Amino acid sequence: MLKYIGKRLLMFIPTMLIISFVIFFVIQLPPGDYVTSYVASLSAQGEVFTEADIAYLREQYGLNDPWYVQYFNWVKGIVTKGDFGYSFNYGRSVWSVIMDRLFLTMGVSFVILIFQYAVSLPIGIYCANHQYSAGDYIWSFIGFLGTATPNFLLAILVMFWVYKATGQVYLGLFSKEMLQNGMSWQYVPEFLGRCLIPLFVIGTSGTCGIIRTVRAQMLDEQTRQYTLTARAKGCSEATITYKYCLRSALNPVVSGLAGSLNTIFSGSTVSAIVMNLQIQGPVLLAALKSQDMYLAGTVVMTQAVLVVIGMLLSDIALAWLDPRIRFSERG
Amino acid sequence: MKKTIALILALVLALSLAACARPQGSDPTDGPTDGPKPTDKPDDPTNPPDPTEPPEIEGFKEAPFITNLGTYGNVEDRLPVKDDVKVEDDAYLTVGKYGGELHRTASTGNWNAGKPIEEGLFLFRADGTVVPNVAKSWEISEDSTVYTIHLREGMKWSDGEPFTAEDCVWFYNAICLNKLDSKGVRACHQDANGDPAVVEKVDDYTFTVTFGTPKYDFIEACEVDLKWHWAPKHVFEDMVNYMIEAKNAPDDAARAEADAKALAEAKRITGVEFADSASAGKELLYYFWNYPGVPTVNSYVLSTEPGKNSINGDYYEYVRNPYYWKVDVAGNQLPYIDKIVYTTIQNVDQSLMLLLDGSEDYQTLGIDAISTIQENANVPINIYEWASESWGAVPHQIHFNLAIAEPHLNALFNNPDFRQAMSICVDRDEYASIVSDGWLAGGQAAPQKGTLGYSEEWSKQWTEYDVAKAKTLLEGCGLVMGSDGYYDFADGTDFTLNIVAMADMGSAENYAILKPYYDAAGIKTTFRDYDRSIIDSMTTANEVECMIYPATGIGDISIILKPNSMVPGTATNVVWYGNMTKETATGDLKTLIELNDKLKVTADPDERTEIALQMLALHQKNQWVIGYVEAAPTIQAVNARIKNFPENGIFTDIYRDMGLAHCWCWYIEE
């Protein structure tokens, strides 16, 4: 097992190098560079730039070098100094920008993840145990509706209804007062209230997938011979469902967790913009749009690292969950 | 509404041009004179003249906010000497009361937060005249080479240090001449040969700006190009010295050392870490209002409290400047409102939502927002229609790149008959009524009523809807109808007009309405929208063929004050003239550039107006840019609790967008 993990970790290095290269290449593909988007955004606010101003800016940001030279310098900085570069947008080091929102992003995403599983596992099990019942149809319908409705649209609709009902616009997780006075206990109820819309909007999106997976797997397992044997032996239905079937049914669900780590890090993007959530996703999008390449590169690369780590973790979790995987490992 | 806007703009026509040709009261024949003369000011109902005798102020009062802080001492000691305090006495103002917070939202601080509170050496009024602001008065030498500027005695920076001529002179000599703020010497400081002016201190409250050749428009140009003419020397002197040292360093090691020292200074002052001294210079010496700990002379200063002091954060505050140097007629030190607080949003539509529920107090919006506000607002919101600067509605302007490299297109775009065909093949009134929900009528890209160059003829030029004539004109341009029902070039090459637009501006919908008109006239078009930054780099690379809703629309309130959108070669992001310069321009375009150059060296006000009219006549003759819809007013949506917001004004960059609203005079009445 250790050897296996070690091997996987070694593979990590070339994978990261290739990924970083591809990321950097893709980010600089669109025409223009950070200076063009910088000038565009300030021009939109009325500032006038001359050719000389633009040339000066480009020199200042080191954008005169070809992209592979910029890439090499960036990687060199990361490897030798652990320096991930400088965000043009924020005028600060990339990591300080990421750290700003990391805690909140992880908190929000983690709660949403828990919400998704807490909602969809019981529903999935219920649907499998009551296949083709009215309950099965109703939950499946709701689940499909949740998946089919684009999150951002749902977000707009929910915010509109809430505005019509309460006369208040709930944008972002923090009210002006919280931002002004800092967080304290008196704001906790409002904060939790403000979490509801994002939780509902983003949370429902992933539930249908999990419900369907669990339902299909459970149905599969229920007709297996070991289930029949257990039932014949007189095991209670609860034992059969939770001890035998569910354990096998969780297999693909756990594999799906691999991607979650990355989601926890960045959070959702479009819905976060619509609901004005102060999480990582919108920062990444803005960085990509303005070709703030070191920031975008670092965020995407961290995501890639987390996907790789997530895969490793989910493989390990699977090995723990499913003895068959360990046997094949030994073989 | 139209009448009021036209009235304001008419005042611009009647007065500003003469005024901007020569600063008021400075007739070369009667020798050096005092700059502003109250009697010169127009009889404008929206901005009536200052009373000839300023109201007698008994004593000065301060905000309880300041008193409660308890650390600032007497208000008299913080204001300039009594006669030099600036009194805000516009007739529309009422004496307000202190306190409260102005709530605003922005996707990015920067100019959005900076323009409303910006203070210039001088100040534009709605009629285009320039009045004293930080400068108390000024004199101009007979030959227009020496400008003597008088400052306000006893005026202070927001940290309480004296604001003197030294700050103004040092700013120019140390910062501008060394280009430490990334902008360097602005056009207003250059004489006819492009040589920089000499700026010298006379005494603590007087300095001179001397030009090698006569300079006729320094006062207005300073207000357009530069605005502020100072930096806090007592704060930045060491940092700037290190930056200069780095700039002149003999080797890399010395440069790195000086650079590091400059960065350490920048960090000590603001707490912000910069990547290199060039960006520190650009940010702290140019975008100074964006950083905590940098003293200003503005009405509000960015908070230094953590969590409230970063314009990249989710929330930040601009707090009242205890040393602000303006008072109301009752002697109350301005501003009335204690803080301007900003919450960051990620999309402009969110700010409209927040306006509706009362979480935001003020926003500039498009005309289509009126019905949304009227139907959905939960709080009373006042809607003021300000004039805008553009020629016709910018979202419905179509720009053809007259400098496009492709020879077929270049010849076609430069042919006025083609532009006329593109103009008359669209049923404007139908189009306008669809795109504006009936708010606006069709129109042409032409000066607004009341501004220089306006004529009814021009505003109706090429606006008749006539498809048959459009086709005849196109055939006259050498296009030949192909078998597919669309015109091709005479040599058989396919003619397709590739229109682009900025993705976030809703032009796709407008194109969908325009396309059937173009199809009917036999003009094959394609449409694609791109992100703003991509459009901008395409513009810079001269790749845009044709664009709807350009980033920089054509038109401004004055071709003399700000010709950028109207004269080739004066800005970088204008689609219709692309990368054209004086060398590459031909015909009327070349004449236009030459006239603009001539304008810069012409002293006589009448002659300047005459040149400007000639330039505008060229625009009228050629109609280089086509507009389909009349200019829309700019909607100022203001929560009704905000008082002292002027009903009429002009929304233009020259006046710092909503700058005429003078937010330091606003107060809150719940």
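Let's start where the chains meet: 39 residues of chain A and 43 residues of chain B make the contact. Contact here means C-beta atoms, placed from the backbone, within 7 Å. This is a predicted model: local features need pLDDT of at least 70, side-chain atom pairs count only at pLDDT 80 or more, and totals for chains, interfaces and linings use all residues. Residues are numbered from 1 along each chain as written, and chains are lettered from A, with ligands numbered from 1, in the order written.

Look at the chain A side. Helix α2(A) gives the most to it, with 6 residues. Helices are DSSP runs of H or I, at least four residues, numbered from the N terminus. The side of chain A that touches chain B has 17 nonpolar, 16 polar and 6 charged residues. Nonpolar is Ala, Val, Leu, Ile, Met, Phe, Trp, Tyr, Cys and Pro; charged is Asp, Glu, Lys and Arg; the others, Gly among them, are polar.

Now a helix pair in chain A. The axes of α6 (residues 134–148) and α9 (residues 188–222) come within 7 Å and cross at roughly 130°. Axes are lines fitted to C-alpha atoms over the stretch in contact, with angles from 0 to 180 degrees between N-to-C directions. Among the contact residues are A:Trp139 and A:Phe144 of α6(A), and A:Cys208 and A:Ile211 of α9(A). The contact has 4 nonpolar, 7 polar and no charged residues.

Last stop, chain B. What does B:Ala262 touch? Its partners include B:Met239, B:Tyr242 and B:Ala280, leaving out residues up to four places away in sequence.

Terms used:
Helices (H or I, at least four residues) and strands (E, at least two) are DSSP runs, numbered from the N terminus. Two residues are in contact if their C-beta atoms, placed from the backbone, lie within 7 Å.
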